[in-house]
Amino acid sequence: MVEVKHIVKTFEGHTVLNDISAVFEEGKTNLIIGRSGSGKTVLIKNIIGLMRPDSGRILYDDRDFISMDKPELNRLRREMGMLFQGSALFDSMTVLENVMFPLNMFSHESSKEREKRAMFCLDRVNLPGAEHLFPSEISGGMMKRAAIARTIALNPQYLFCDEPNSGLDPKTALMIDDLIHGITTEYKMTTVINTHDMNSVLNIGDNIVFIQDGRKEWQGTKSNIMDSGNKALNDFLYASDLFRKVKEAETTMEEG
Amino acid sequence: MKEALYQLGEYMLLMRKTLSIPDRWSMFFRQLIKEIYKLGVDSLWIVVIISIFIGTVIAVQISLNIQSPLIPKFTIGYTTREIILLEFSSSIMCLILAGKVGSNIASEIGTMRVTEQIDAMEIMGVNSANFLILPKTVGLMLFIPVLVIFSMFTGILGGVLASYIMGGGMTPSAFEFGIQYYFNAFYVEYSIIKSVVYAYIISTTSAYFGYNVKGGALEVGKASTSAVVMSSVMILLADVILTHLLLT
């Protein structure tokens with residue numbers, strides 16, 4: 001479980017995160033949703049330590065992330081995995097070398113065992129046969145899957161994803177969502193996904209945090225998001241054609 | 001002034017991160033071999049070509065400018081050797097390498113920064129500065145002296161070739177006598193010492209500009225240019241200081 005408490009972050013006097021508190025639960029896909037510029041990416045960067053909040057606390061299973069010393073922080077980092085928007089695969093390495101990278105850095109297994117583990121991870125994300133290709137030689141969807149394989153190589157307890165579906169076609173996006181959801185439940189990870197993809201919200205939103213102008217407006221699940229009664233959330237949701245149609249269908253069914 | 005001090009502070013902090021014990025020695029040595037090959041061995045051809053041509057031109061220029069019967073002909077070979085050993089093969093060659101290698105380092109690390117590859121390493125708990133910069137620095141410090149030695153040989157060889165081809169006031173025997181005349185072996189050591197310092201300057205300055213890129217492709221290009229300019233200025237400054245320390 002990851003818990004953020006009263007997080008505040010400002011840039012040159014402009015408050016980007018304003019007293020945000022939320023709980024991201026274990027074994028669930030926790031989504032952070034909100035409009036572009038609402039503070040989602042800044043929040044996730046604060047949670048993973050790429051930025052430091054001005055005030056507030058971040059707890060990883062009750063371990064205070066901000067006050068940790070360096071060795072403790074390094075240990076925790078090995079329990080974390082991050083899927084970046086652009087995949088962030090290392091250009092100079094093949095897909096297999098990318099997946100083996102965290103294993104080569106931190107695992108004490110033999111070279112054969114490490115390769116076996118990397119091949120297992122590639123197989124888990126349905127990417128067999130691509131191990132000797134470079135990132136520039138594979139599609140966007142394959143890059144995302146390779147990045148997921150690299151992320152799960154060390155069996156992380158916490159998985160963070162920044163816009164995992166951006167730039168992907170709907171079918172591939174759905175496949176990536178299912179993959180993330182699948183590994184989250186399989187490995188009992190705490191997964192936090194930053195997205196504004198409405199398909200993801202309906203598909204894998206076990207726990208949803210809605211952010212508007214740096215403030216947490218609402219927290220709930222995919223089953224009660226449509227009946228939140230929150231005006232800002234409704235404005236955001238019903239800007240999506242998908243949600244309008246789902247709502248219309250629900251209303252028709254109720255009337256029928 | 002404030003900006004310069006800020007940059008110096010940032011550079012020092014980056015060096016503190018870079019110059020630490022590698023997380024995994026096996027990965028460090030693997031990277032080191034890659035970097036020696038990519039930054040060093042791949043630069044060999046340009047060093048050889050430039051050195052032969054410049055060696056030839058130096059010999060021809062000196063021959064054309066020393067026409068007095070009072071100056072012995074071996075002076076051409078002697079002067080060519082001194083120029084190549086003292087300045088060309090170390091300082092001028094490293095200024096050229098600052099352009100080739102420095103821009104390569106800055107753009108590679110800069111691109112990794114803007115595409116979040118460095119962030120990905122940090123999230124994994126890898127010391128990205130140590131993993132990316134230290135092998136480049138050590139690799140260059142080990143291989144640039146080799147390039148400098150190649151440059152000395154091929155530069156003098158260029159002069160010898162000129163003495164055979166150009167003829168005129170220059171004879172091969174006088175030239176060969178000149179390149180052996182009053183040889184001071186310390187000048188080779190001096191050049192090698194300078195090149196090791198230049199290698200450190202090129203790799204760390206370029207890495208600093210690449211590592212601190214913010215933005216996109218345009219900023220990576222700007223960082224690459226800044227890296228080459230700053231490395232060149234620092235090389236010239238170091239040349240003055242080292243010459244004063246080692247030769248006076």
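Analyst: A residue is buried when its relative accessible area is under 20%, exposed when over 50%, and partly exposed in between (1.4 Å probe, protein chains only). The model is predicted: local features need pLDDT of at least 70, side-chain atom pairs count only at pLDDT 80 or more, and totals for chains, interfaces and linings use all residues. Residues are numbered from 1 along each chain as its sequence is written, chains are lettered from A and ligands numbered from 1 in the order in which they are written, and side-chain values use heavy atoms, leaving out hydrogens and water.

User: Which residues of α3(B) are buried?

Analyst: In α3(B) the buried residues are V47(B), S51(B), G55(B), I58(B), A59(B), V60(B), I62(B) and S63(B). These buried residues pack against α4, α6 and α7 (172–180) of chain B. Contact requires heavy atoms within 4.5 Å. An α-helix has 3.6 residues a turn, so residues three or four places apart point the same way.

User: How do you know that the span of helix α3 of chain B agrees with its number of residues?

Analyst: The expected span is 1.5 Å times one less than the number of residues. Helix α3 of chain B has 22 residues (44–65) and should therefore span 32 Å; its end C-alpha atoms are 31 Å apart, which agrees.

User: What makes the secondary structure of chain B helices and not strands?

Analyst: Helices are DSSP runs of H or I with at least four residues, strands are runs of E with at least two, and both are numbered from the N terminus. Chain B comes to nine helices and zero strands, and its pattern along the sequence reads α-α-α-α-α-α-α-α-α. The C-alpha trace of chain B spans about 70 × 40 × 35 Å along its principal axes. Of its 248 residues, 48% are buried. Among contacts in chain B with a separation of 6 or more, 86% join residues 24 or more positions apart.

User: Why is T75(B) called buried?

Analyst: T75(B) has 16% relative accessibility, which falls under the cut-off, so T75(B) counts as buried. T75(B) lies in helix α4 of chain B.

User: Why is S163(B) called buried?

Analyst: The relative accessibility of S163(B) is 1%, so S163(B) counts as buried. S163(B) belongs to helix α6 (residues 128–165) of chain B. Apart from neighbours within four places in sequence, S163(B) is in contact with M170(B), T171(B), P172(B) and F175(B).

User: What makes Q117(B) buried?

Analyst: Q117(B) has a relative accessible area of 2%, and is therefore buried. Q117(B) is in helix α5 (residues 117–124) of chain B. Not counting residues up to four places away in sequence, Q117(B) touches M112(B) in its own chain, and A88(A), L89(A), F90(A) and D91(A) in chain A. Its C-alpha atom is 9.4 Å from that of S128(B), 11 residues apart along the chain.

User: How do you know that P102(A) is buried?

Analyst: The relative accessible area of P102(A) is 3%, so P102(A) is buried. P102(A) sits in helix α3 (residues 95–106) of chain A. Beyond residues up to four places away in sequence, P102(A) touches S107(A), R150(A), A153(A), L154(A) and M124(B). P102(A) and A118(A) are 16 residues apart in sequence and 9.8 Å apart in space, C-alpha to C-alpha.

User: Why does K188(A) count as exposed?

Analyst: K188(A) counts as exposed because its relative accessibility is 55%. K188(A) is in the loop between α6 (170–187) and β8 (190–195) of chain A. Its phi is near 50°, a positive value in a residue other than glycine. Most residues other than glycine have a negative phi.

User: Why does D213(A) count as exposed?

Analyst: D213(A) has 62% relative accessibility, so D213(A) counts as exposed. D213(A) is found in the loop between β9 (207–212) and β10 (215–220) of chain A. Although not a glycine, D213(A) has a positive phi of about 50°.
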